[in-house]
Amino acid sequence: MGNIVAIVGRPNVGKSTLFNRLTGQRKAIVDSIAGVTRDRLYGKAEWAGRKFSVIDTGGYIIGSDDVFEGEIRKQVQIAVDEANLILFLVDAEDGITGMDEEVANLLRRSEKKVMLVANKVDNAMRQTQSAEFYGLGLGEVHNISAMNGGGTGDFLDEMIAALPEDPEEEELDIPKIAVIGRPNAGKSSFINAITGIERNIVTDVAGTTRDSINTRYNLFGKDFLLVDTAGLRKKSKVHENLEFYSVLRSVRAIEDADVCLLIVDAERGFEGQDLAVFSLAERNKKGIVVLVNKWDLVEKDTHTAKRFEDNIREKIAPFSDIPIIFMSVLNKQRIYKAVEEAVNVFERRQQKISTSKLNDLMLPIIQATPPPATKGKLIKIKFCTQLPTRVPSFAFFANLPQYIKDPYKRFLENQLRQHYDFNGVPIQIFMRKK
Ligand code: GDP
Ligand code: GDP
(Lines give C-alpha, C1' and ligand atoms only; values in the text may rest on other atoms or scores of the structure.)
(Ligands and ions follow the chains in the order given, each with its own letter.)
Protein backbone atom coordinates (compact mmCIF):
# COMPACT_ATOMS: atom_id res chain seq x y z
CA MET A 1 0.00 0.00 0.00
CA GLY A 2 1.39 3.36 -0.97
CA ASN A 3 1.29 6.68 0.76
CA ILE A 4 -1.95 8.28 1.79
CA VAL A 5 -2.53 12.01 1.83
CA ALA A 6 -5.57 13.31 3.71
CA ILE A 7 -7.18 16.70 3.20
CA VAL A 8 -8.77 18.30 6.26
CA GLY A 9 -10.36 21.67 6.78
CA ARG A 10 -13.68 23.29 7.46
CA PRO A 11 -16.45 23.24 4.86
CA ASN A 12 -16.09 25.42 1.77
CA VAL A 13 -12.38 25.99 1.91
CA GLY A 14 -12.01 24.00 -1.32
CA LYS A 15 -11.23 20.46 -0.18
CA SER A 16 -13.23 18.79 -2.89
CA THR A 17 -11.85 21.15 -5.53
CA LEU A 18 -8.33 20.20 -4.49
CA PHE A 19 -9.28 16.54 -4.29
CA ASN A 20 -10.56 16.65 -7.86
CA ARG A 21 -7.46 18.45 -9.03
CA LEU A 22 -5.21 15.86 -7.42
CA THR A 23 -7.12 12.84 -8.59
CA GLY A 24 -7.73 14.30 -12.03
CA GLN A 25 -10.25 12.77 -14.35
CA ARG A 26 -9.94 9.43 -12.71
CA LYS A 27 -13.08 9.08 -10.71
CA ALA A 28 -12.90 8.42 -7.05
CA ILE A 29 -12.90 4.68 -6.61
CA VAL A 30 -15.95 4.67 -4.43
CA ASP A 31 -18.09 6.74 -6.77
CA SER A 32 -20.27 3.83 -7.62
CA ILE A 33 -21.22 2.97 -4.08
CA ALA A 34 -24.09 5.35 -4.49
CA GLY A 35 -26.07 5.83 -1.37
CA VAL A 36 -23.44 4.07 0.64
CA THR A 37 -21.00 6.87 0.58
CA ARG A 38 -20.50 10.34 -0.77
CA ASP A 39 -18.97 10.55 -4.18
CA ARG A 40 -15.72 12.00 -3.06
CA LEU A 41 -13.78 10.19 -0.48
CA TYR A 42 -10.84 8.31 -1.79
CA GLY A 43 -8.96 8.50 -5.05
CA LYS A 44 -5.65 7.86 -6.72
CA ALA A 45 -3.19 10.52 -7.73
CA GLU A 46 0.21 10.78 -9.32
CA TRP A 47 2.75 13.58 -9.46
CA ALA A 48 6.25 13.47 -10.88
CA GLY A 49 6.00 9.71 -11.19
CA ARG A 50 5.03 9.17 -7.56
CA LYS A 51 1.69 7.55 -6.90
CA PHE A 52 -0.32 8.23 -3.79
CA SER A 53 -3.89 8.00 -2.53
CA VAL A 54 -5.95 10.97 -1.45
CA ILE A 55 -8.65 10.99 1.21
CA ASP A 56 -11.07 13.86 1.44
CA THR A 57 -12.13 13.63 5.04
CA GLY A 58 -14.72 16.33 4.52
CA GLY A 59 -16.69 14.04 2.27
CA TYR A 60 -19.00 12.80 4.91
CA ILE A 61 -20.07 16.09 6.41
CA ILE A 62 -20.82 17.76 3.13
CA GLY A 63 -24.17 19.45 3.12
CA SER A 64 -24.33 20.16 6.80
CA ASP A 65 -24.28 23.88 7.44
CA ASP A 66 -23.48 23.54 11.08
CA VAL A 67 -20.34 21.64 11.54
CA PHE A 68 -19.90 20.78 15.10
CA GLU A 69 -16.62 20.58 16.82
CA GLY A 70 -17.18 16.84 17.21
CA GLU A 71 -17.39 16.39 13.47
CA ILE A 72 -14.14 18.21 12.91
CA ARG A 73 -12.53 16.09 15.58
CA LYS A 74 -13.63 12.92 13.79
CA GLN A 75 -12.36 14.26 10.51
CA VAL A 76 -8.97 15.04 11.94
CA GLN A 77 -8.86 11.73 13.79
CA ILE A 78 -9.44 9.79 10.58
CA ALA A 79 -6.72 11.77 8.86
CA VAL A 80 -4.29 11.17 11.71
CA ASP A 81 -5.10 7.45 11.80
CA GLU A 82 -5.07 6.77 8.10
CA ALA A 83 -2.70 9.17 6.41
CA ASN A 84 1.05 9.54 6.08
CA LEU A 85 0.68 13.25 5.40
CA ILE A 86 -2.12 15.69 6.21
CA LEU A 87 -2.98 18.71 4.09
CA PHE A 88 -4.67 21.28 6.27
CA LEU A 89 -6.59 23.51 3.91
CA VAL A 90 -7.54 27.06 4.89
CA ASP A 91 -9.29 29.81 2.96
CA ALA A 92 -7.28 32.93 2.10
CA GLU A 93 -10.49 34.77 1.32
CA ASP A 94 -11.80 34.34 4.85
CA GLY A 95 -8.59 34.41 6.84
CA ILE A 96 -8.19 32.56 10.13
CA THR A 97 -11.45 31.40 11.71
CA GLY A 98 -12.11 29.88 15.12
CA MET A 99 -12.53 26.50 13.56
CA ASP A 100 -9.18 26.78 11.80
CA GLU A 101 -7.59 27.38 15.17
CA GLU A 102 -9.38 24.38 16.58
CA VAL A 103 -8.11 22.14 13.78
CA ALA A 104 -4.61 23.58 14.09
CA ASN A 105 -4.61 22.68 17.79
CA LEU A 106 -5.62 19.11 17.07
CA LEU A 107 -3.03 18.76 14.35
CA ARG A 108 -0.22 20.23 16.41
CA ARG A 109 -0.93 17.66 19.10
CA SER A 110 -0.83 14.80 16.61
CA GLU A 111 2.50 13.50 15.53
CA LYS A 112 1.64 13.46 11.87
CA LYS A 113 3.38 15.41 9.19
CA VAL A 114 1.15 18.39 8.31
CA MET A 115 1.32 20.86 5.44
CA LEU A 116 -0.64 24.06 5.82
CA VAL A 117 -2.18 25.04 2.53
CA ALA A 118 -3.86 28.40 1.91
CA ASN A 119 -6.39 28.01 -0.88
CA LYS A 120 -8.14 30.56 -3.06
CA VAL A 121 -4.91 32.51 -3.48
CA ASP A 122 -6.05 33.57 -6.94
CA ASN A 123 -4.14 36.87 -7.05
CA ALA A 124 -1.22 38.77 -5.60
CA MET A 125 -3.28 40.54 -2.97
CA ARG A 126 -4.46 37.25 -1.50
CA GLN A 127 -0.84 36.19 -1.39
CA THR A 128 -0.08 39.01 1.02
CA GLN A 129 -3.16 38.29 3.08
CA SER A 130 -2.38 34.62 3.42
CA ALA A 131 0.72 35.46 5.49
CA GLU A 132 -1.59 35.67 8.50
CA PHE A 133 -1.84 31.85 8.49
CA TYR A 134 1.67 31.70 9.89
CA GLY A 135 -0.19 32.62 13.08
CA LEU A 136 -1.60 29.08 13.23
CA GLY A 137 1.81 27.86 14.28
CA LEU A 138 2.08 25.11 11.70
CA GLY A 139 5.08 26.40 9.85
CA GLU A 140 5.21 27.31 6.21
CA VAL A 141 2.06 28.42 4.41
CA HIS A 142 1.70 27.01 0.90
CA ASN A 143 -0.35 29.23 -1.35
CA ILE A 144 -2.47 27.66 -4.03
CA SER A 145 -5.54 28.21 -6.09
CA ALA A 146 -7.20 24.82 -6.30
CA MET A 147 -9.69 26.25 -8.75
CA ASN A 148 -7.33 27.55 -11.43
CA GLY A 149 -4.29 25.50 -10.49
CA GLY A 150 -2.06 28.41 -9.44
CA GLY A 151 0.81 27.35 -7.19
CA THR A 152 -0.23 23.72 -7.21
CA GLY A 153 2.81 22.53 -9.16
CA ASP A 154 5.33 23.94 -6.69
CA PHE A 155 3.21 22.78 -3.82
CA LEU A 156 2.99 19.23 -5.18
CA ASP A 157 6.76 19.12 -5.69
CA GLU A 158 7.20 19.93 -2.01
CA MET A 159 4.48 17.56 -0.95
CA ILE A 160 6.03 14.66 -2.83
CA ALA A 161 9.37 15.43 -1.24
CA ALA A 162 7.74 15.34 2.19
CA LEU A 163 6.17 11.91 1.66
CA PRO A 164 7.88 8.91 3.18
CA GLU A 165 9.65 6.58 0.76
CA ASP A 166 7.29 4.25 -1.03
CA PRO A 167 7.41 0.88 0.64
CA GLU A 168 9.00 -1.95 -1.26
CA GLU A 169 6.29 -3.94 -2.95
CA GLU A 170 6.15 -7.17 -1.10
CA GLU A 171 6.66 -9.93 -3.54
CA LEU A 172 5.91 -12.77 -1.23
CA ASP A 173 4.43 -15.60 -3.16
CA ILE A 174 1.71 -16.25 -0.66
CA PRO A 175 -1.85 -15.06 -1.01
CA LYS A 176 -3.03 -11.88 0.64
CA ILE A 177 -6.63 -12.40 1.59
CA ALA A 178 -9.08 -9.66 2.56
CA VAL A 179 -12.36 -10.37 4.29
CA ILE A 180 -14.94 -7.85 3.15
CA GLY A 181 -18.68 -7.35 3.36
CA ARG A 182 -21.31 -5.17 4.92
CA PRO A 183 -21.51 -4.64 8.67
CA ASN A 184 -22.91 -7.63 10.56
CA ALA A 185 -22.37 -10.13 7.78
CA GLY A 186 -20.03 -12.03 10.06
CA LYS A 187 -16.55 -10.82 9.09
CA SER A 188 -15.13 -10.63 12.61
CA SER A 189 -16.73 -13.93 13.57
CA PHE A 190 -15.23 -15.55 10.50
CA ILE A 191 -11.76 -14.18 11.17
CA ASN A 192 -11.97 -15.20 14.81
CA ALA A 193 -13.14 -18.65 13.83
CA ILE A 194 -10.35 -19.35 11.37
CA THR A 195 -7.60 -17.78 13.40
CA GLY A 196 -8.91 -19.23 16.63
CA ILE A 197 -8.75 -22.83 15.48
CA GLU A 198 -5.02 -22.86 15.82
CA ARG A 199 -3.26 -19.85 17.18
CA ASN A 200 -0.61 -19.96 14.62
CA ILE A 201 0.53 -16.50 13.72
CA VAL A 202 3.84 -16.74 11.95
CA THR A 203 4.85 -13.14 11.80
CA ASP A 204 3.58 -9.60 11.49
CA VAL A 205 4.39 -8.02 8.19
CA ALA A 206 4.36 -4.31 8.76
CA GLY A 207 2.95 -2.07 6.09
CA THR A 208 3.25 1.66 5.58
CA THR A 209 0.81 2.91 8.13
CA ARG A 210 0.11 1.75 11.62
CA ASP A 211 -3.16 0.29 10.45
CA SER A 212 -2.05 -1.80 7.56
CA ILE A 213 -0.54 -4.71 9.31
CA ASN A 214 -0.99 -8.00 7.55
CA THR A 215 -0.71 -11.08 9.62
CA ARG A 216 0.72 -14.26 8.24
CA TYR A 217 -0.97 -17.53 9.08
CA ASN A 218 -0.32 -21.12 8.41
CA LEU A 219 -3.58 -22.96 8.88
CA PHE A 220 -4.86 -26.24 7.53
CA GLY A 221 -1.59 -26.56 5.68
CA LYS A 222 -2.16 -23.29 3.85
CA ASP A 223 0.12 -20.32 4.09
CA PHE A 224 -1.55 -16.93 3.70
CA LEU A 225 -1.62 -13.32 4.82
CA LEU A 226 -4.79 -11.91 6.23
CA VAL A 227 -5.15 -8.29 5.22
CA ASP A 228 -6.03 -6.42 8.33
CA THR A 229 -9.55 -5.14 8.61
CA ALA A 230 -11.35 -3.31 11.36
CA GLY A 231 -12.51 -6.67 12.60
CA LEU A 232 -9.03 -7.82 13.45
CA ARG A 233 -8.21 -5.14 15.92
CA LYS A 234 -10.03 -3.19 18.54
CA LYS A 235 -12.30 -0.72 16.88
CA SER A 236 -11.42 2.82 17.81
CA LYS A 237 -14.29 4.57 19.55
CA VAL A 238 -14.27 7.49 17.20
CA HIS A 239 -14.79 5.25 14.25
CA GLU A 240 -17.58 3.12 15.49
CA ASN A 241 -20.60 3.16 13.22
CA LEU A 242 -18.92 5.57 10.92
CA GLU A 243 -19.93 4.50 7.46
CA PHE A 244 -17.24 6.63 5.89
CA TYR A 245 -14.67 4.75 7.84
CA SER A 246 -15.98 1.28 7.10
CA VAL A 247 -16.12 1.98 3.38
CA LEU A 248 -12.62 3.36 3.48
CA ARG A 249 -11.43 0.23 5.22
CA SER A 250 -12.99 -1.99 2.57
CA VAL A 251 -11.49 0.02 -0.24
CA ARG A 252 -8.03 -0.21 1.23
CA ALA A 253 -8.34 -3.86 2.17
CA ILE A 254 -9.40 -4.68 -1.39
CA GLU A 255 -6.52 -2.72 -2.89
CA ASP A 256 -4.04 -4.51 -0.71
CA ALA A 257 -5.37 -8.01 -1.33
CA ASP A 258 -4.91 -10.65 -4.01
CA VAL A 259 -8.15 -12.37 -3.16
CA CYS A 260 -11.27 -11.00 -1.48
CA LEU A 261 -13.62 -13.12 0.56
CA LEU A 262 -16.93 -11.34 0.26
CA ILE A 263 -19.16 -12.35 3.16
CA VAL A 264 -22.88 -12.04 2.51
CA ASP A 265 -25.60 -12.40 5.14
CA ALA A 266 -27.87 -15.24 3.95
CA GLU A 267 -30.83 -13.87 5.86
CA ARG A 268 -30.66 -10.57 4.03
CA GLY A 269 -29.76 -11.98 0.63
CA PHE A 270 -27.39 -10.45 -1.88
CA GLU A 271 -28.19 -6.74 -1.74
CA GLY A 272 -27.13 -3.49 -3.33
CA GLN A 273 -24.30 -2.93 -0.88
CA ASP A 274 -22.97 -6.42 -1.50
CA LEU A 275 -22.99 -5.74 -5.21
CA ALA A 276 -21.20 -2.44 -4.68
CA VAL A 277 -18.41 -4.11 -2.72
CA PHE A 278 -18.28 -6.93 -5.27
CA SER A 279 -17.90 -4.41 -8.13
CA LEU A 280 -15.16 -2.65 -6.23
CA ALA A 281 -13.19 -5.87 -5.97
CA GLU A 282 -13.91 -6.70 -9.59
CA ARG A 283 -12.82 -3.31 -10.88
CA ASN A 284 -9.63 -3.67 -8.88
CA LYS A 285 -9.19 -7.02 -10.66
CA LYS A 286 -8.94 -8.99 -7.45
CA GLY A 287 -9.76 -12.63 -7.02
CA ILE A 288 -13.19 -13.10 -5.46
CA VAL A 289 -14.96 -15.80 -3.49
CA VAL A 290 -18.51 -15.18 -2.26
CA LEU A 291 -19.28 -16.67 1.13
CA VAL A 292 -22.95 -16.87 1.98
CA ASN A 293 -22.85 -16.87 5.76
CA LYS A 294 -25.44 -17.68 8.45
CA TRP A 295 -26.68 -20.56 6.33
CA ASP A 296 -27.83 -22.14 9.60
CA LEU A 297 -30.58 -19.53 9.82
CA VAL A 298 -32.10 -20.27 6.44
CA GLU A 299 -34.97 -22.71 6.06
CA LYS A 300 -33.90 -25.01 3.31
CA ASP A 301 -35.33 -27.40 0.81
CA THR A 302 -33.39 -29.13 -1.96
CA HIS A 303 -33.46 -26.10 -4.26
CA THR A 304 -32.70 -23.31 -1.82
CA ALA A 305 -28.95 -23.17 -2.36
CA LYS A 306 -29.30 -23.41 -6.12
CA ARG A 307 -31.85 -20.60 -6.20
CA PHE A 308 -29.69 -18.45 -3.96
CA GLU A 309 -26.69 -19.08 -6.14
CA ASP A 310 -28.53 -18.35 -9.39
CA ASN A 311 -29.79 -15.12 -7.95
CA ILE A 312 -26.27 -13.99 -7.05
CA ARG A 313 -24.85 -14.96 -10.45
CA GLU A 314 -27.60 -13.03 -12.17
CA LYS A 315 -26.82 -9.92 -10.14
CA ILE A 316 -23.07 -10.00 -10.65
CA ALA A 317 -23.20 -10.80 -14.38
CA PRO A 318 -21.28 -10.69 -16.65
CA PHE A 319 -18.47 -11.68 -14.26
CA SER A 320 -20.26 -14.62 -12.71
CA ASP A 321 -17.55 -17.26 -12.98
CA ILE A 322 -16.80 -17.20 -9.26
CA PRO A 323 -16.96 -19.70 -6.39
CA ILE A 324 -19.97 -19.33 -4.09
CA ILE A 325 -19.80 -21.17 -0.78
CA PHE A 326 -22.58 -21.57 1.75
CA MET A 327 -21.22 -21.50 5.24
CA SER A 328 -22.08 -21.07 8.86
CA VAL A 329 -19.41 -19.48 10.96
CA LEU A 330 -21.56 -20.26 13.99
CA ASN A 331 -21.47 -23.98 13.30
CA LYS A 332 -17.94 -23.80 11.90
CA GLN A 333 -19.36 -25.21 8.71
CA ARG A 334 -17.24 -24.88 5.56
CA ILE A 335 -14.97 -22.20 6.95
CA TYR A 336 -11.98 -24.34 6.03
CA LYS A 337 -13.35 -24.66 2.52
CA ALA A 338 -13.54 -20.87 2.33
CA VAL A 339 -9.86 -20.43 3.07
CA GLU A 340 -8.94 -23.29 0.76
CA GLU A 341 -10.93 -21.74 -2.06
CA ALA A 342 -9.26 -18.36 -1.53
CA VAL A 343 -5.88 -20.03 -1.91
CA ASN A 344 -7.10 -21.86 -5.03
CA VAL A 345 -8.25 -18.59 -6.57
CA PHE A 346 -4.84 -17.12 -5.84
CA GLU A 347 -3.16 -20.01 -7.63
CA ARG A 348 -5.48 -19.76 -10.62
CA ARG A 349 -4.76 -16.06 -10.78
CA GLN A 350 -1.06 -16.80 -11.06
CA GLN A 351 -1.28 -19.33 -13.86
CA LYS A 352 0.65 -18.54 -17.01
CA ILE A 353 -0.35 -20.02 -20.32
CA SER A 354 2.39 -20.47 -22.89
CA THR A 355 2.01 -18.50 -26.08
CA SER A 356 2.09 -21.59 -28.27
CA LYS A 357 -0.66 -23.36 -26.29
CA LEU A 358 -2.72 -20.20 -26.27
CA ASN A 359 -2.49 -19.76 -30.03
CA ASP A 360 -3.14 -23.45 -30.68
CA LEU A 361 -6.35 -23.06 -28.73
CA MET A 362 -7.55 -19.62 -29.71
CA LEU A 363 -6.65 -19.24 -33.38
CA PRO A 364 -8.95 -22.04 -34.59
CA ILE A 365 -11.75 -20.65 -32.42
CA ILE A 366 -11.20 -17.19 -33.86
CA GLN A 367 -11.11 -18.61 -37.37
CA ALA A 368 -14.42 -20.36 -36.84
CA THR A 369 -16.01 -17.27 -35.28
CA PRO A 370 -14.12 -14.19 -36.47
CA PRO A 371 -14.91 -10.68 -35.28
CA PRO A 372 -17.68 -9.18 -37.42
CA ALA A 373 -16.49 -6.99 -40.29
CA THR A 374 -16.93 -3.31 -39.58
CA LYS A 375 -17.42 -0.62 -42.22
CA GLY A 376 -16.83 -3.21 -44.87
CA LYS A 377 -13.41 -4.00 -43.49
CA LEU A 378 -12.27 -7.48 -42.65
CA ILE A 379 -10.86 -7.81 -39.16
CA LYS A 380 -8.11 -10.32 -38.66
CA ILE A 381 -6.69 -11.49 -35.36
CA LYS A 382 -3.30 -12.98 -36.08
CA PHE A 383 -1.79 -13.87 -32.79
CA CYS A 384 -2.30 -13.72 -29.03
CA THR A 385 -0.23 -13.88 -25.91
CA GLN A 386 -0.57 -13.64 -22.14
CA LEU A 387 1.11 -10.53 -20.77
CA PRO A 388 3.54 -10.81 -17.85
CA THR A 389 1.23 -8.95 -15.47
CA ARG A 390 -0.13 -9.76 -12.03
CA VAL A 391 -3.69 -9.70 -13.27
CA PRO A 392 -4.11 -12.33 -15.98
CA SER A 393 -4.16 -10.28 -19.16
CA PHE A 394 -4.28 -11.41 -22.76
CA ALA A 395 -3.31 -9.37 -25.77
CA PHE A 396 -4.81 -10.15 -29.17
CA PHE A 397 -3.01 -8.67 -32.14
CA ALA A 398 -5.17 -7.59 -35.05
CA ASN A 399 -5.01 -5.48 -38.17
CA LEU A 400 -7.81 -3.19 -36.95
CA PRO A 401 -7.99 -3.59 -33.18
CA GLN A 402 -10.10 -0.46 -32.73
CA TYR A 403 -13.04 -2.13 -34.47
CA ILE A 404 -13.24 -5.08 -32.10
CA LYS A 405 -16.07 -4.41 -29.73
CA ASP A 406 -16.84 -5.54 -26.18
CA PRO A 407 -19.18 -8.40 -27.11
CA TYR A 408 -16.39 -10.05 -29.08
CA LYS A 409 -13.94 -9.49 -26.25
CA ARG A 410 -16.43 -11.18 -23.94
CA PHE A 411 -16.65 -14.05 -26.38
CA LEU A 412 -12.87 -14.45 -26.26
CA GLU A 413 -12.91 -14.23 -22.48
CA ASN A 414 -15.60 -16.90 -22.24
CA GLN A 415 -13.63 -19.17 -24.51
CA LEU A 416 -10.59 -18.77 -22.30
CA ARG A 417 -12.70 -19.47 -19.23
CA GLN A 418 -14.12 -22.60 -20.82
CA HIS A 419 -10.70 -24.03 -21.52
CA TYR A 420 -8.73 -22.81 -18.56
CA ASP A 421 -9.85 -22.54 -14.96
CA PHE A 422 -10.14 -18.88 -14.04
CA ASN A 423 -12.92 -19.43 -11.53
CA GLY A 424 -12.96 -16.41 -9.21
CA VAL A 425 -10.35 -14.55 -11.24
CA PRO A 426 -11.06 -11.40 -13.28
CA ILE A 427 -9.08 -11.42 -16.51
CA GLN A 428 -8.34 -8.67 -19.01
CA ILE A 429 -8.51 -8.78 -22.78
CA PHE A 430 -6.63 -6.20 -24.80
CA MET A 431 -6.63 -5.62 -28.54
CA ARG A 432 -3.41 -4.48 -30.07
CA LYS A 433 -2.30 -3.35 -33.50
CA LYS A 434 -0.26 -5.79 -35.51
P1 GDP B 1 -15.10 21.93 0.50
O2 GDP B 1 -16.41 22.10 1.18
O3 GDP B 1 -13.96 22.27 1.41
O4 GDP B 1 -14.92 20.63 -0.18
O5 GDP B 1 -15.03 23.09 -0.63
P6 GDP B 1 -15.33 23.01 -2.20
O7 GDP B 1 -14.22 22.36 -2.93
O8 GDP B 1 -16.71 22.49 -2.41
O9 GDP B 1 -15.25 24.55 -2.57
C10 GDP B 1 -16.07 25.52 -1.95
C11 GDP B 1 -16.21 26.73 -2.89
O12 GDP B 1 -14.95 27.36 -3.04
C13 GDP B 1 -16.65 26.34 -4.28
O14 GDP B 1 -17.57 27.31 -4.72
C15 GDP B 1 -15.37 26.39 -5.10
O16 GDP B 1 -15.62 26.70 -6.44
C17 GDP B 1 -14.62 27.52 -4.41
N18 GDP B 1 -13.17 27.37 -4.59
C19 GDP B 1 -12.43 26.25 -4.45
N20 GDP B 1 -11.12 26.52 -4.73
C21 GDP B 1 -11.05 27.82 -5.04
C22 GDP B 1 -9.98 28.70 -5.42
O23 GDP B 1 -8.81 28.30 -5.56
N24 GDP B 1 -10.30 30.00 -5.64
C25 GDP B 1 -11.57 30.46 -5.53
N26 GDP B 1 -11.78 31.76 -5.77
N27 GDP B 1 -12.60 29.67 -5.20
C28 GDP B 1 -12.36 28.37 -4.95
P1 GDP C 1 -19.14 -8.11 11.08
O2 GDP C 1 -19.75 -6.79 11.40
O3 GDP C 1 -19.25 -8.41 9.61
O4 GDP C 1 -17.75 -8.28 11.59
O5 GDP C 1 -20.09 -9.22 11.78
P6 GDP C 1 -19.88 -10.01 13.13
O7 GDP C 1 -18.84 -11.05 13.00
O8 GDP C 1 -19.74 -9.04 14.25
O9 GDP C 1 -21.27 -10.82 13.23
C10 GDP C 1 -22.51 -10.13 13.33
C11 GDP C 1 -23.50 -11.03 14.07
O12 GDP C 1 -23.80 -12.18 13.31
C13 GDP C 1 -22.97 -11.53 15.41
O14 GDP C 1 -24.02 -11.46 16.33
C15 GDP C 1 -22.57 -12.96 15.12
O16 GDP C 1 -22.66 -13.78 16.25
C17 GDP C 1 -23.60 -13.37 14.07
N18 GDP C 1 -23.13 -14.43 13.21
C19 GDP C 1 -21.95 -14.49 12.52
N20 GDP C 1 -21.86 -15.63 11.82
C21 GDP C 1 -23.01 -16.31 12.02
C22 GDP C 1 -23.53 -17.57 11.55
O23 GDP C 1 -22.92 -18.31 10.77
N24 GDP C 1 -24.76 -17.92 11.98
C25 GDP C 1 -25.49 -17.15 12.83
N26 GDP C 1 -26.68 -17.58 13.20
N27 GDP C 1 -25.03 -15.97 13.29
C28 GDP C 1 -23.81 -15.56 12.90
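Two strands are taken to pair if DSSP finds at least two bridges between them, and strands β14 and β15 (residues 393-398) do so in the antiparallel sense over 5 bridges. The structure is a predicted model, in which local features need pLDDT of at least 70, side-chain atom pairs count only at pLDDT 80 or more, and totals for chains, interfaces and linings use all residues. Residues are numbered from 1 along each chain as its sequence is written, while chains are lettered from A and ligands numbered from 1 in the order in which they are written.

**Overall composition**

- The protein chain has 12 helices and 16 strands; helices (H or I, at least four residues) and strands (E, at least two) are DSSP runs, numbered from the N terminus.
- Of the 434 residues in the protein chain, 39% are buried. A residue is buried if 20 or more other C-beta atoms lie within 10 Å of its own, exposed if 12 or fewer, and partly exposed in between, with C-beta atoms placed from the backbone.
- Among contacts between residues at least 6 apart in sequence, 71% join residues at least 24 apart. Two residues are in contact if their C-beta atoms, placed from the backbone, lie within 7 Å.

- A residue is near a molecule or strand if its C-beta atom, placed from the backbone, lies within 6 Å of it.
- Ala, Val, Leu, Ile, Met, Phe, Trp, Tyr, Cys and Pro count as nonpolar, Asp, Glu, Lys and Arg as charged, and the others, Gly among them, as polar.

**Surroundings of ligand 2**

- Ligand 2 is surrounded by 16 residues, and the closest are G186, K187, S188, S189 and L330.
- Helix α6 (residues 187-197) gives the most to the shell around ligand 2, with 3 residues.
- The shell around ligand 2 comprises 5 nonpolar, 8 polar and 3 charged residues.

**The sheet of 6 strands**

- This open sheet has the strand order β2-β3-β1-β4-β5-β6, with mixed pairing. Its edge strands, each pairing on one side only, are β2 (42-47) and β6 (141-143).
- Neighbouring strands of this sheet are turned by 30 degrees against each other on average, direction ignored. Axes are lines fitted to C-alpha atoms, for helices over the stretch in contact, and angles run from 0 to 180 degrees between N-to-C directions.
- Strands β1 (residues 3-8) and β4 (residues 85-91) run parallel and are joined by 4 bridges; V5 has L85 in β4 as its bridge partner.
- Helix α1 packs on the sheet and touches β1, β2, β3 (50-56), β4 and β5 (113-119), its direction making about 155 degrees with that of β3.
- Helix α5 (residues 152-162) also packs on the sheet, where it touches β2, β3, β4, β5 and β6; the direction of α5 makes about 170 degrees with that of β5.

**The sheet of 3 strands**

- A further open sheet has the order β14-β15-β16, with mixed pairing. Here β14 (381-386) and β16 (428-433) are the edge strands, each pairing on one side only.
- A hairpin is formed by β14 and β15, with 6 residues between them. Within this pair, C384 stands opposite F396 in β15, and I381 stands opposite A398.
- The covered face of β15 consists of F394, F396 and A398, and the uncovered one of S393, A395 and F397.
- Strands β15 and β16 run parallel and are joined by 6 bridges. The chain crosses from β15 through helix α12 (residues 406-419) to β16 in a right-handed β-α-β crossover. A crossover is right-handed if, with the strands pointing away from the viewer, the path from the first strand over the helix to the second runs clockwise.

**Residue L225**

- L225 lies in strand β10 (residues 222-226) and counts as buried because it has 22 C-beta neighbours inside 10 Å.
- The C-alpha atoms of L225 and H142 are separated by 41 Å, and the two residues are 83 residues apart along the chain.
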